[in-house]
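User: I would like to learn how to read a few local features in a structure. Can we go through them one at a time?

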Amino acid sequence: MVAEAKKNQEKIFEKHRKFCKVNEIVEKYKYEKQNLIAILQEVQTEYRYLPEEIMTYIATMMDISPAAVYGVATFYSQFSLDPKGKYEIKVCDGTACHVRGSMPVYNAIREKVGLQEGKFTTDDLQFTVETVRCLGACALAPVVVINGKVYSKMTADAVKIIVDELLKRSENDN
Amino acid sequence: MSNTMESKVEQKLQVDSREITFTDEKNLLEVIRKAGIEVPTFCYRPNLSTYGACRMCVVEIDGMGVQTSCTVKPQAGMKVSVNTEKTRKIRKMTVELLLAAHDRDCTICAKSENCDLQSLAKKLGVRDVRFPSKYGPGEHHVDIDNDNPSVVRDPGKCILCGACVRVCREIQGTECLSFVNRGSDAEVMPAYNKGLDEVDCTYCGQCTAVCPTGALRIKSDVEKVWNRIMDPKKKVVVQIAPAVRVAAGEAFGLPLGTNTLGLITASLRKIGFDAVFDTSFSADLTIMEEGTELIERLKTGENLPLFTSCCPAWVRFLEQRHPEFLKNLSSCKSPQQMFGSVAKKVLIEEFNVNKPEEEQIKKEDIVIVSIMPCTAKKAECGKEEFITDGQQDVDFVLTTQELIRMINEAGVDFKHIEPEHLDSPFAIFTGAGVIFGSTGGVAEAALRTAYEIITGKKIENVAITEARGLNTVKELTINIDGQDVKVAIVNTLSQASALLERVKKGEAEYHMVEIMACPGGCLGGAGQPPSYKDREIKEKRMKGLYDSDVNNPLHKSHDNPEIIRLYDKWLEKPSSHIAHELLHTHYKNRKRILGEIINLSSAAEGEKVTDVQVCVGNNCLAKGSYGAIDALTKLIKENGLENNVNIRATFCMEACSKGPSVVIDEEHIDGVTPEKIKAIFKEKILSKYAKS
């Protein structure tokens, strides 16, 4: 099971690996240390997560220590050190969303995509489901963001329909 | 520092209603301590940047409320109270919270009695922890790193004071440790939570020296050594490094810097070691070889500057980070390793002379133990270069702290034991060998010998004062036979890095550079009793070493009669074939981070696949491996071989001097510049797919 998941992961993410891109990004920021966060952000956009080897590579290019890069990457929750799913679902659990029932929405999504306890990404790397703090759209609470698209005033039932839609699309793609 | 020309302005402030004068102290904590009032702290280290993390040094200041005194600049007229109800409560609460999250197996902890958390909990009268404990009895952190030879990292005992992170970054410039994660998940660890043996740690151990608890501690070999001592078949031989003798006494209440060689020798015999020697002797031997090397390089002008090679942390640093300078490193083994080689070859034969066969010692029964001020020596003795016929030349390394532990375990009354002499042969050492334990000592000893050998004249005053003192960088020029020999003496690896940079840019030119990784040299080694709190400790140890030189009738290594005899009988002359075999070594480029290969493109399965790996290590990157990847990708596309060629990026292939390196189907090709790539592509790849 684990081996299979790993193979899947490699297949999917092979497409995204453009190593030359890292060079471009670091060059664009002129190798400057104060730009590390911006560089990591762009690299993550490219790879969708920060692989260990790439962090070492960036550190070497910029003449800083890999430990320091790792420290920065683990400090900010925006950086992911594990591969993310094809669909990144963020459920806002800020105060406003929470009191208007974000947790039932979150649990409904998890159940729908079949996430096991303690996991945030499905084994087939299709879905990553996470909670985030206030997205600043409290008037629309509860808010769910899927790959950058905002879905407002969500309920457990409504979100199930949306996820169903994604599951269908996902099947057609493969 | 900036206004040394002006006289310091004296100002006054009040601490606990006492008037206190201050001048340019960098923070309030220093002012309060100067007044003889104690302020507790975990994270403040005078020689490191101020971090303000532990909140133990809190004071109340009129008009400013509760402040951490380490981060407040002293101002005239301030009214400061150290012990108030508020500050006492804050400190006790802080300690209680730390203890709740701490692996509290204090009775069996290696840092017991030397732990700041333990002693402050006692001092502040913390008798109860009101919060649930993170670790139950016998429970430990899941990630104890015990796999490297020198340092144990135990996150369950970390209080996040950041002293290790700062010493590794600011003093050593190595930056192997970093704060990782955030808030209650924060931990200190190497990159990617790898073991210290998988990252570019030099094993200098300074992190263990500044760690206030047992979170970073020296890996102990005491039990292994006891086992050998208790084995009647084994002949256990021990060598004592120069710096150990001026520090061991600190643990037994002797005055700072007392030379305790005789006491250590007697104690080691009491413990059960069979023969006791002094590494100062093999330091003399090092000078003979390294001095000869220096003279040779001065003559030919090749591979200058000559870098000393006694310090294993420095050697590992260079192997991992600056392989382009490996040719400058002296090929001499360190004194510890020279002793090991000589002991297992020569000493054993001298022991066996005129002995009946049943009393003769077999090679497999001799055990060489070193007592060192150093944690990196533990890693050095296990290097594959120092294994002869499957046996380590030096079997075990104990630090000064472990020596103290063994003395205590054996119940030896160190202070009152009758001092004893070293064993023969090799019982004679010179002052030149002893000053090896201090920054500047190796250079001074080498210059004494090089000068006399080159000029043939005797030096009257042997002291080279410019080489002495605790400064991190010293420079001196000595005229030897009409040639100005320029020498630099450096301690700490951050300064070593800066010097390499200057040499690379051509801003500095030297003939010889002595480098020691620890502040102050070996006398400030991480294996010594802690010395970071007080500069005076290092100054006194240093004085102890130079006094030992003064009191020794011999000051030059080449005057040592035992060394002369060793060459006459066994080694012919310095730099002879046999001397090279026994006393010299070689170096190699080592990977900084042990990592995986990165796929750049991926050939389709089932096709005839050529595997291409391009090194993107530091050196190859600088020499244009990125250009090579780019050119190669284009060529593959042009020729429609996307499905046949698998390009992968790898990290250092350990051939930096010849980079950029490429491996095509396991064939290693060096010097692959973008200009050459076309020809290589044609010959090695395209030819395979040419339509026949």
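Analyst: We will take a helix, some backbone features and a sheet in turn. Keep in mind that this is a predicted model.

User: Let us start with burial. How many of the 10 residues of helix H5 (residues 66-75) of chain A are buried?

Analyst: A residue counts as buried if 20 or more other C-beta atoms lie within 10 Å of its own. Eight of the 10 residues of H5(A) are buried, so this helix is largely enclosed by the rest of the structure. Among them are Pro66(A), Val69(A), Tyr70(A) and Thr74(A).

User: What do the buried residues of H5(A) pack against?

Analyst: Both chains take part. From chain A there are helix H3 (36-47) and helix H4 (52-62), and from chain B there are strand S7 (177-180) and strand S8 (187-190).

User: Which value does phi of Asp63(A) take, and is Asp63(A) buried or exposed?

Analyst: Asp63(A) has phi near 60°, a positive value in a residue other than glycine. Asp63(A) lies in the loop between H4 and H5 of chain A, and is exposed, with 9 other C-beta atoms within 10 Å. Asn193(B), also not a glycine, has a positive phi near 55°. Asn193(B) is in the loop between S8 and helix H5 (206-210) of chain B, and is partly exposed, with 14 other C-beta atoms within 10 Å.

User: Last, the sheet. What is the order of the strands in the open sheet of four strands in chain B?

Analyst: The order is S12-S19-S18-S17, with mixed pairing. S12 and strand S17 (473-480) of chain B are the edge strands, each pairing on one side only. S17(B) pairs with strand S18 (residues 483-491) of chain B in the antiparallel sense over eight bridges, and Leu476(B) stands opposite Val487(B) in S18(B).

User: Which strands does helix H15 (residues 493-505) of chain B lie across?

Analyst: H15(B) lies across S17, S18 and strand S19 (512-516) of chain B, and runs at about 140° to S18(B).

Definitions and conventions
Residues are numbered from 1 along each chain as its sequence is written. Chains are lettered from A and ligands numbered from 1 in the order in which they are written. This is a predicted model: local features need pLDDT of at least 70, side-chain atom pairs count only at pLDDT 80 or more; totals for chains, interfaces and linings use all residues. A residue is buried if 20 or more other C-beta atoms lie within 10 Å of its own, exposed if 12 or fewer, and partly exposed in between; C-beta atoms are placed from the backbone. Helices (H or I, at least four residues) and strands (E, at least two) are DSSP runs, numbered from the N terminus. Two residues are in contact if their C-beta atoms, placed from the backbone, lie within 7 Å. Two strands pair if DSSP finds at least two bridges between them. Axes are lines fitted to C-alpha atoms, for helices over the stretch in contact, and angles run from 0 to 180 degrees between N-to-C directions.
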